[in-house]
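I opened the notebook to look up a few local features, one entry at a time. The structure comes first, then my notes.

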Amino acid sequence: MSDQPNSTANEALTGAQITVRLLERQGVRLVTGYPGGAILPIYDALGQSTAIRHVLARHEQGAGFIAQGMARVSGEVAVCMASSGPGATNLLTAIADAKLDSIPLVAITGQVPKAMIGTDAFQEVDTYGLSLPITKHNFLVGSTEELLEIIPRAFEIAASGRPGPVLIDIPKDVQSRAIEVAAWPEPGRRVMPPPADGPALAEAASLIAGAQRPLLYLGGGVIHSGAADLAVDLAEKANLPTVMTLMALGAMPVDHPLSLGMLGMHGAPYTNLALDECDLLIAVGARFDDRATGKVAAFCPQAKIIHIDIDAAELDKIKAAHVGIVADVAEALGRLLPAVPQNPRKTWVDRINALKAAHPQPLPGLDDPRSHFGLIQAVAACLDDDAIVATDVGQHQMWAAQAYPLRRPRQWLTSGGLGTMGFGVPAAIGAALAAPERTVVCFTGDGSILMNIQELVTAAEQRANVKIVLMNNAVLGLVHQQQTLFYGQRLFASEFQAMPDFVAAARALGIAAVDLDQAANPCAALADAFARPGPCLIHAGIDAEQKVYPMVPPGAANRDMIGA
Amino acid sequence: MNAINRNEQRALSRAVLEIDVANHAGVMSHVVGLFSRRAYNVEGIACLPVGDGTHSRIWLLVNEDQRLPQMIRQLEKLEDVAAVRRHHADHAVFGQLEAFFQP
């Protein structure tokens, strides 16, 4: 909270100073970005701030994902900044990623002076138009006065309801002009939605009480609303076996007896088979994404559906709900919990355990640290549940989702909806900045790391405690896998002919590096790397022929798994 | 297209949406963009400020489509949209404009 009074003697302040003051009043203490001509007034004012620390990324997309890492770990709105033109366009991918995963961001971009907008001025691009479909809301600030309204409003929008990114585009003259500020607005805060509908909650409780084979289906909304403990309490009270989306991993500890882990395209065989048998699906903060449901008509074909979500537009979007509840899921679960009777549900729990025994997740090589699953296991053995696990996008991401023992909400940072290669390294840096007391491990691949490798310099500069585990199979693994399985084994543009020396590259960019392939004892080398503070790249060659199994072919029903 | 054809087509499957919005330069893009990026054609648009000019009203003529309820929910999510009301295609607003759209 701010320690400054709401009203002062009139002060003449520039738009840039007002912007920085409003960020300070929001409680922002860390921002990340990259300067350029059109945002220099704000950077000039930011340089005078004693409250806010600025972390310089090495690419605007890196700044966007560093902010995402901060937001995903803390649950608070994070701020990133860029200049106009290419600065703004470079931010867009990170903003779109935040939109699809409902991450609260405020992105501030500089714009050419108002009088030059529309003249194809140097570094002018229609940032408002470009960001329109990938933000929760966006603003083009028309006057310095408007900043006093727009900036708190942007924080309120980003944090309220379904969280998301908000972009504020500020022309340079709006930043430079000074006005007298008579009174400061209240900081923008999360506004709670109306409470869940009582009769609908009662109906949901009665459906749960009457169900023979219910399943709880948790999505990222459970993490965002801080409802993970309530979801576990509900599952335990009513004995609800529980599946999680990629975004919800960690909501229920993976080794909880009721946990069925991740569902969908790369879910465990028993998980997707259990969904096929359920007679009631309780979807909480989940949106029936195609990677989770597979062919929608064949998803939980026997089940009635209870759908609880803060976003009314998610209800009935993919699957019609028998009971739809629009609410903050923590509030709804908190009221549902006492209304749901205890139920041992022995027959169903026994059936689930039988499915687990008969159709386990294949985890070959778990004891071999030179195999993909064995490496993930060996990394987990170096860490406790306080660690944060970030990933890039690809096979390594799915293997980590399948095999890493995730046990707490906000432990797992991954690009779910947009599936953005290049997410991992900067998101891990953001996580380390937001939670400097924790170790952050980032699983990445030889394709993904190259998409934001420049951020290793940022990691070195900040001495961020990130351990980057590079699983190098010299191919674009998921593309290689799909070409092998579905395109007649015609491998094209998925095998890298040239491979950088990643260990040397990491050292050249300023961070420590170790090559597990050269280590006599890879587990000891890992433990040594994790024991040293600061950033480190851990390189490990893996077998390019390994697939992510099981796999539901795109468009197929979840019961039709390859490699199950 | 003559008036009879237009009426016939409208009778097929049209709806009229009445949308109360904040009046600023980006609102129309926000509203129409929801439709265009789903390849959902908007057949007619009318928009004028209301009252003191801080708000506007947008009228859209759209095809009935199974996606329409989802479109209305998406419209209601927009920060600048205060209310969405759905009318039948025989609403007077576009009928009175037809005089300006003779070939």
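These entries go through strands, helices, the chain contact and some backbone details. I keep in mind that this is a predicted model.

**Entry: strands of chain B**

I began with strand E1 of chain B, residues 14–22. Its partner is strand E3, residues 55–63 of chain B. The two run antiparallel and share nine bridges.

Next I took strand E2 of chain B, residues 42–50. E2(B) also pairs with E3(B) in the antiparallel sense, here over eight bridges. B:Leu48 stands opposite B:Arg57 in E3(B). So far I had E3(B) paired with E1(B) and with E2(B).

How many residues lie between E2(B) and E3(B) in their hairpin? I found four. B:Gly51 sits in that turn, and its phi is positive, about 60°.

**Entry: where the chains touch**

I then looked at the contact between chain B and chain A. Ten residues come from chain B and ten residues from chain A. On the chain B side, helix H2 (27–36) and helix H3 (68–77) each supply at least two residues. H3(B) gives the largest share of that side, four residues. By class, the chain B side has six polar and four charged residues, and no nonpolar ones.

**Entry: a helix pair in chain A**

I looked up helix H17 (residues 424–434) and helix H18 (residues 455–462) of chain A. They pack at an angle of about 20°, and their axes are 9 Å apart. An angle under 35 degrees counts as roughly parallel, so H17(A) is roughly parallel to H18(A). Their crossing is left-handed.

Which residues meet here? From H17(A) I listed A:Val425, A:Pro426, A:Ile429 and A:Leu433. From H18(A) I listed A:Glu455, A:Leu456, A:Thr458, A:Ala459 and A:Gln462. By class, this contact has six nonpolar, two polar and one charged residues.

**Entry: helix H11 of chain A**

Is helix H11 (residues 269–277) of chain A largely enclosed or largely open? Seven of its nine residues are buried, so H11(A) is largely enclosed by the rest of the structure. The buried ones are A:Pro269, A:Tyr270, A:Thr271, A:Asn272, A:Leu273, A:Ala274 and A:Leu275. I checked what covers them. The cover includes strand E9 (214–218), E10, strand E11 (259–262) and helix H14 (346–358) of chain A.

**Entry: backbone details in chain A**

A reminder to myself: most residues other than glycine have a negative phi, and most peptide bonds are trans. I looked for departures from that.

A:Gln123 has a positive phi, near 55°. A:Gln123 lies in the loop between strand E5 (105–111) and helix H5 (127–131) of chain A. A:Gln123 has 16 other C-beta atoms within 10 Å, so A:Gln123 is partly exposed.

A:Asn239 has a positive phi too, near 50°. I found A:Asn239 in the loop between helix H10 (228–238) and strand E10 (242–244) of chain A. With 17 other C-beta atoms within 10 Å, A:Asn239 is partly exposed.

Where is there a cis peptide bond? I noted one joining A:Tyr549 and A:Pro550, with omega about -5°. A:Pro550 is in the segment after strand E20 (536–541) of chain A.

Methods:
Residues numbered from 1 in each chain as written. Chains lettered and ligands numbered in written order. Predicted model: local features only at pLDDT ≥ 70, side-chain atom pairs only at ≥ 80, totals over all residues. Pairing = 2+ DSSP bridges. Axes fitted to C-alpha atoms, helices over the stretch in contact; angles between N-to-C directions. Parallel < 35°, antiparallel > 145°, perpendicular 65-115°, else oblique. Left-handed = near helix turned anticlockwise from the far one by under 90°. Contact = placed C-beta atoms within 7 Å. Nonpolar A, V, L, I, M, F, W, Y, C, P; charged D, E, K, R; others polar. Buried ≥ 20, exposed ≤ 12 C-beta atoms within 10 Å, placed from the backbone.
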